[in-house]
Amino acid sequence: MSIEKASIIPFLNRFFHWFSVGIGTSVMSLMMLSKGSGVDTLGLITALYSIFIVIFEFPSGIISDIVGQKTVYQFSLIIAIVGYTIVFFSNSIVTLFVGFAMYGVSRAFSSGSIEALFINKYIKDHGKESLHKFLSILNAGEILGLSMGALTGGVIPMVWEKYFPGQNRYNGNLTAQILILFLIFICTLLVVKEPADTTKTNKRLSKYVKESLRTVANSRKIILLIFGTMIWGFCFNAIELYWQPKMSWILKGETKTWIFGVINSGYFLASLVGVGIINLILRKKSDKPNVLLFLGRIITGVLIIVLSFQARLFSFASIYLLLFMVNGMLSIPEGTVLNSVIPDEKRSSLLSLSSLMMQFGGIIGSLAYSLLVGIIKISGIWILSGIVFGLSSCIFLRIKKEE
């Protein structure tokens, strides 16, 4: 089977999965406010959601390796549908907490499950030499799904309000998400095949945790790559937290909200362009992903620092989109290197561990920035993040030396 044919189902799965996520991102805060939250409790709901992801991230990956990635992914879809349904009928902060807690559990269980199944099957059929091409296709599906979903999610409330004027205008987004996830569940059940020789085990969970952690402890490459992921969470959380306040300062207000939407959509498209560019580069230098990551992290760190000095809309937007284009480029070689050193039978658990450490990096960043932003302002936070991210390029030189 050719690479293109082998990629059709994985691409469609990633596209529609993230399309459903994107439908909610454009109106998430507004939807929560209409369902029983106040402005002062928005952060609490988001924090609870993140906490549940952190709690279940690593265990979900281990369970996925034990009972099967397809089974765990389908379980995550059911939990998400239940969570969205609770939010659909919510009119209080309590039901919002319950709904978003379930959604957090779902996000944890979906992380690294079906993706690991797709990657394992691809490596078995095509080897690791062209893995970067396959990961590029998965990444493109995610980015396109998020971008199209975000645009669709902004239109749905207006259409829903027109045809169902007596209902909450954001129920249309929730209905669309529930229907899409249900269709993904059915298609996964019928179309996605878990290999007959898939690596399942009857080992106790505690023993499997120890084995997975021992795998990490015995591989300096995996330790360095996961540490690099944590640094990404730490540094890019500074951009995600403060780009909107910085934009508001540049625009001298928040009245032109359409500009925020255009730049947000541009972020996804810029990432997709980055994926395309790195594919062209890797065709000629597929054996040098470490060098690309070393140079890419330095360039990204410099761009973050440059962004901190921008005071005009055009220059800010240009640097911001260039930054995320380069970030999109880095995601492919980094994913290729990580998946190349992870044992197949531990793929779900270690991908989940990597995702968990990225969440921890973001949490550490949030706490640190909250303490520092009053002292060094947003520009200072970004300069600090740029320096840290640039220095993290040394990680990939260390990996290169061990090859």
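The contact draws on Pro289, Leu292, Leu293, Gly296, Arg297, Thr300, Leu303, Ile304, Val306 and Leu307 from helix 12, and on Phe316, Ile319, Tyr320, Leu322, Leu323, Val326, Leu330, Pro333, Glu334 and Val337 from helix 13. Please keep in mind that this is a predicted model.

**The protein as a whole**

- The protein is built with 15 helices and zero strands.
- It has 403 residues, and 52% of them count as buried.
- Its accessible surface comes to about 18,500 Å², and carbon and sulfur atoms account for 69% of that area.
- Among contacts between residues at least 6 apart in sequence, 83% join residues at least 24 apart.

**Helix 13 and its partners**

- Two packed helices are described by the angle between their axes and the distance between the axes.
- Helix 12 covers residues 289-307, and its axis lies 9 Å from that of helix 13, at an angle of about 155 degrees.
- An angle over 145 degrees counts as roughly antiparallel, so helix 12 and helix 13 are roughly antiparallel to each other.
- Helix 13 (residues 313-341) also meets helix 7 (residues 131-163): the two axes come within 9 Å and cross at roughly 125 degrees.
- Helix 7 and helix 13 are therefore oblique to each other, and their crossing is right-handed.
- On the helix 7 side, this meeting involves Leu131, His132, Leu135, Ser136 and Asn139.
- On the helix 13 side, the residues are Ser331, Ile332, Gly335, Thr336, Asn339 and Ser340.

- Helix 4 has 20 residues and reaches 29 Å from its first C-alpha to its last, close to the 28 Å expected at 1.5 Å a residue.
- Helix 4 is mostly covered, with 14 of its 20 residues buried.
- Helix 5 runs over residues 93-110, and at 1.5 Å a residue its 18 residues should span 26 Å. The C-alpha atoms at its ends are 26 Å apart, which agrees.
- Which residues of helix 5 are buried? They are Leu96, Gly99, Phe100, Ala101, Tyr103, Gly104, Val105, Ser106, Ala108, Phe109 and Ser110.

**How helix 4 and helix 5 pack**

- Helix 4 (residues 69-88) packs against helix 5 at an angle of about 165 degrees, and their axes are 8 Å apart.
- That angle makes helix 4 roughly antiparallel to helix 5.
- Helix 4 passes helix 5 in a left-handed crossing.
- From helix 4, the contact uses Val72, Tyr73, Phe75, Ser76, Ile79, Ala80, Val82, Gly83, Tyr84, Ile86 and Val87.
- From helix 5, the contact uses Thr95, Leu96, Val98, Gly99, Phe100, Met102, Tyr103, Val105, Ser106, Phe109 and Ser110.
- Gln69 belongs to helix 4, and at 4% relative accessibility Gln69 counts as buried.
- The C-alpha atoms of Gln69 and Phe109 are separated by 9.5 Å, while the two residues are 40 residues apart along the chain.

**A residue in helix 6**

- His126 is found in helix 6, which covers residues 114-126.
- His126 and Ala6 lie 120 residues apart along the chain, and their C-alpha atoms are separated by 9.4 Å.

**Residues in helix 14**

- Helix 14 covers residues 347-391, and Lys377 has its place there.
- Phi of Lys377 is near 65 degrees, a positive value in a residue other than glycine.
- Lys377 is exposed, with a relative accessible area of 52%.
- Ala368 is found in helix 14 as well; with a relative accessible area of 22%, Ala368 is partly exposed.
- The C-alpha atoms of Ala368 and Ile381 are separated by 9.4 Å, and these residues are 13 residues apart along the chain.

Note on methods:
Residues are numbered from 1 along each chain as its sequence is written. This is a predicted model: local features need pLDDT of at least 70, side-chain atom pairs count only at pLDDT 80 or more; totals for chains, interfaces and linings use all residues. Side-chain values use heavy atoms; hydrogens and water are left out. Helices (H or I, at least four residues) and strands (E, at least two) are DSSP runs, numbered from the N terminus. Buried means under 20% relative accessible area, exposed over 50%, partly exposed in between (1.4 Å probe, protein chains only). Contact means heavy atoms within 4.5 Å. Accessible areas come from the Shrake-Rupley method with a 1.4 Å probe; for residues, only the protein chains shown count as cover. The expected span of a helix is 1.5 Å times one less than its number of residues. Axes are lines fitted to C-alpha atoms, for helices over the stretch in contact, and angles run from 0 to 180 degrees between N-to-C directions. Angles under 35 degrees count as roughly parallel, over 145 as roughly antiparallel, 65 to 115 as roughly perpendicular and the rest as oblique. A crossing is left-handed if the near helix is turned anticlockwise from the far one by less than a right angle, and right-handed if clockwise.
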